[in-house]
Amino acid sequence: MKCKWIMAGVGAAAVALAVALNAPLRAEPVSYDEILNAEDNTSEWLSYSRTYHGHRYVPLTQIDPSNVARLQPVWIFPTGGENRGLEATPLVHGGVIYMSADESRVFAIDARTGVKIWSYDPEVNEEAERVYCCGSNNRGVALLGDKVFVGTMDARLVALDKDTGQVVWDKPVIDWQQGYSITGAPLALKDMVLTGVAGGEFGIRGFVKAYDAETGKERWTAYVIPGPGEPGNDTWPGDTWQHGGGSTWTTGAFDPELNLVYWNVGNAGPWNCQVRKGDNKWTAGTVALDADSGEIKWGFQYTPWDCWDYDSVSTPVLADVTMDGSEVKTLLHHDKNGFFYALDRTNGKFIYGEPIVPGLNWAKGLDPETGRPIVNEHMIAQSGGPEIAPIIPSLEGAIDWQPLAYDPNNQHIFFMSNNWAMGYRFWEEDKIEKPKQGEWYLGADYQEYLRPDVPNGAFVAWDVPNRKELWRVESDQPFWAGALVTESGIVFTGDNHGYALALDAKSGKILWHFPTGSPISGSPVSYEIDGTQYVLFPSGMGGDLTFYYTEPKAGNLIAFALERPSPPTELAGPANVQILPGSLPEIGEPGHTLGGRVMEGYGYPAEEAKEPVKKE
Amino acid sequence: MSPVVERRRSRIVPLAAGLVVSILALKLPAPYADAQEENEALTNPFLGDPAAIEEGERIFRSRCTGCHWSPLRAPVLFQSELGDEQFLETVISGRQGNRGNMPPFGYVLSPDDVWKVHAFVMARDRM
């Protein structure tokens with residue numbers, strides 16, 4: 001009886017597996033038009049920010065403020081691995097989730113069941129670890145056609161067959177030994193895939209590169225630090241532009257009407273700014289690139305002459321905002337430097353900037369016409385001088401790379417904005433060596449400080465046209481997760497205690513929380529399949545917070561819904577456990593250690609042969 | 001007490017072992033040779049040597065500072081309690097730490113480079 005039950009179970013599981021596997025295998029390629037028109041496609045999440053304009057707004061209403069307290073886990077997918085930390089935004093297409101994990105690994109997961117379809121490990125060169133500033137994080141993949149694209153820690157861009165995970169092409173973007181790595185999600189548009197690079201602490205010169213998505217052939221390279229003869233090169237003394245940082249380590253946004261790609265640019269290098277006096281274009285700013293040529297159409301620096309490691313790296317939000325009665329094409333950005341900005345995205349002109357961080361002291365304000373900071377000179381360290389402290393915000397920033405969420409109906413935007421301070425001390429200049437082989441290029445030390453006057457973590461809602469804060473949620477630990485907002489008025493994010501959070505978009509009231517067991521450093525997404533709205537939360541602390549906190553190493557993707565779509569007694573199919581090849585062969589089949597040779601006489605019914613295993 | 005060094009699964013370990021063996025076999029500075037013969041732990045021949053300390057500081061600032069100095073992504077090494085040989089092995093081969101992996105520096109630093117870094121960190125007061 002028992003045996004029959006097991007067999008029946010296996011049969012049912014096999015059928016369920018076939019159903020589960022068939023659906024994704026039939027999934028259509030992802031066309032550029034689909035990504036372009038993704039706004040109303042609530043069953044998928046096709047690109048890093050869901051849409052090219054970076055709103056992370058989902059027009060779904062099944063989960064709403066009145067019922068979100070019932071949200072429950074449906075399945076959990078562990079990403080395992082040696083390290084930890086999920087900073088990714090999962091993508092969803094054709095019922096399949098595509099998500100990256102640490103060490104640039106990629107997983108394809110059945111969105112209904114949480115069962116792995118395939119996984120890919122780029123086997124990053126172990127040596128490359130010495131050019132990771134902040135862990136082996138990856139923030140996501142891109143989809144286009146029949147391919148999934150991922151950037152690797154050893155600075156390769158890899159195209160995988162989306163249905164099988166097989167490598168289609170694998171290109172070195174640049175020599176990682178010069179300090180480069182890739183942690184950001186690529187951006188696919190038209191027939192191209194674009195990637196930036198990390199390495200602002202290793203003396204790189206940042207760029208964005210576009211590849212033919214089909215073949216991996218290079219299309220264009222846009223250096224975000226101008227070379228000799230290019231406008232802005234004169235903002236770099238001598239040859240400092242060659243190692244000026246300007247990493248492009250997050251994902252850009254795209255305005256198809258203006259044909260402009262907006263990419264945010266990291267800190268200037270080295271940290272010690274005294275050896276590179278000048279504006280250091282376009283570090284700590286945004287560049288607008290012609291999508292077809294990569295030409296820089298305009299640039300705007302939030303922190304010219306960056307003396308505080310103020311990367312500008314959260315993905316830009318492109319919003320058409322009603323201001324003074326007319327609609328303005330804005331680019332919205334919250335910066336490490338503590339100010340929230342609105343720019344005119346057609347030309348890069350400053351519209352407004354408001355301090356979000358209380359006690360911000362590196363600048364006395366912004367020029368109301370140009371947005372140029374009025375710098376507090378006392379907060380600039382001197383080479384060989386004493387520690388300057390407390391500088392607010394610290395180099396961990398009000399925000400770092402974490403995506404904001406924008407509700408276009410109410411023109412409200414939601415983002416984390418942490419409160420912490422730092423001390424900065426610049427080395428004597430004769431102790432700063434130019435990097436030759438991917439060495440650290442800092443010329444400075446820092447110390448991170450907690451502030452006694454305000455809680456460390458804050459998550460803010462901001463009214464864009466009216467330039468005012470709506471509410472803020474505070475935490476004793478920093479926030480380090482992306483945000484998501486739904487049409488029904490819920491903001492999803494996570495905190496460093498590991499709580500997945502649902503906040504009321506109107507009031508900031510916490511409507512639901514779920515302890516995921518490890519801090520949340522990734523970005524939640526939401527989609528609807530078969531009439532069920534899901535919310536996915538990556539859980540597992542990644543990046544800089546691992547410098548200050550310890551927790552159980554973990555990496556889990558957790559799917560939530562109001563109801564589990566199938567009764568809990570019904571198995572979805574074989575889950576994520578597979579027999580190791582050769583470890584449990586059937587009798588007569590070759591195994592790891594023996595060649596499948598079985599003693600003669602085996603297999604006779606016991607009653608016929610007395611001794612079932614017998615050799616004469 | 002010194003923390004236990006967890007070796008990573010690693011292609012580098014044989015290489016590092018090879019490096020140590022090669023300095024034992026080929027370069028033959030007396031301390032290594034003695035250690036091999038007597039099966040004692042390797043000791044740093046550069047401790048207290050001012051020129052080595054200066055060179056060690058230079059290497060430390062370019063290779064180690066991002067994690068082991070003020071950012072403190074990893075333990076403070078000044079007045080390290082690791083034994084000399086353990087220090088050498090850890091830098092050459094890397095290790096898996098609680099907050100991420102220490103990369104193997106055997107690819108870019110020679111054992112003498114590592115000894116000099118060690119001489120520097122042992123000459124400097126703990127912060």
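In strand 5 of chain A, A:Val106, A:Ala108 and A:Asp110 point one way while A:Phe107 and A:Ile109 point the other way, and all are buried (a residue is buried if 20 or more other C-beta atoms, placed from the backbone, lie within 10 Å of its own). The strand, a DSSP run of E of at least two residues, numbered from the N terminus, is thus mostly covered, with five of its five residues buried. The model is predicted, so local features need pLDDT of at least 70 and side-chain atom pairs count only at pLDDT 80 or more, while totals for chains, interfaces and linings use all residues. Residues are numbered from 1 along each chain as its sequence is written, and chains are lettered from A and ligands numbered from 1 in the order in which they are written.

On the one hand, strand 5 (residues 106-110) is joined to strand 6 by four bridges; here A:Phe107 stands opposite A:Ser119, and A:Ala108 stands opposite A:Trp118. On the other hand, five bridges link strand 5 to strand 4 (residues 96-100), and A:Met99 has A:Phe107 as its bridge partner. Both pairs form hairpins: five residues lie between strands 4 and 5, with A:Glu103 in the turn at a positive phi of about 60°, and five lie between strands 5 and 6, where A:Gly114 takes a positive phi near 75°.

In chain B, helix 4 (residues 84-93) is largely enclosed by the rest of the structure, because eight of its ten residues are buried (a helix is a DSSP run of H or I of at least four residues). Among the buried residues are B:Asp84, B:Phe87, B:Leu88 and B:Ile92. B:Gly94, which follows helix 4, has a positive phi, near 75°.

Definitions and conventions: A residue is buried if 20 or more other C-beta atoms lie within 10 Å of its own, exposed if 12 or fewer, and partly exposed in between; C-beta atoms are placed from the backbone. Two strands pair if DSSP finds at least two bridges between them.
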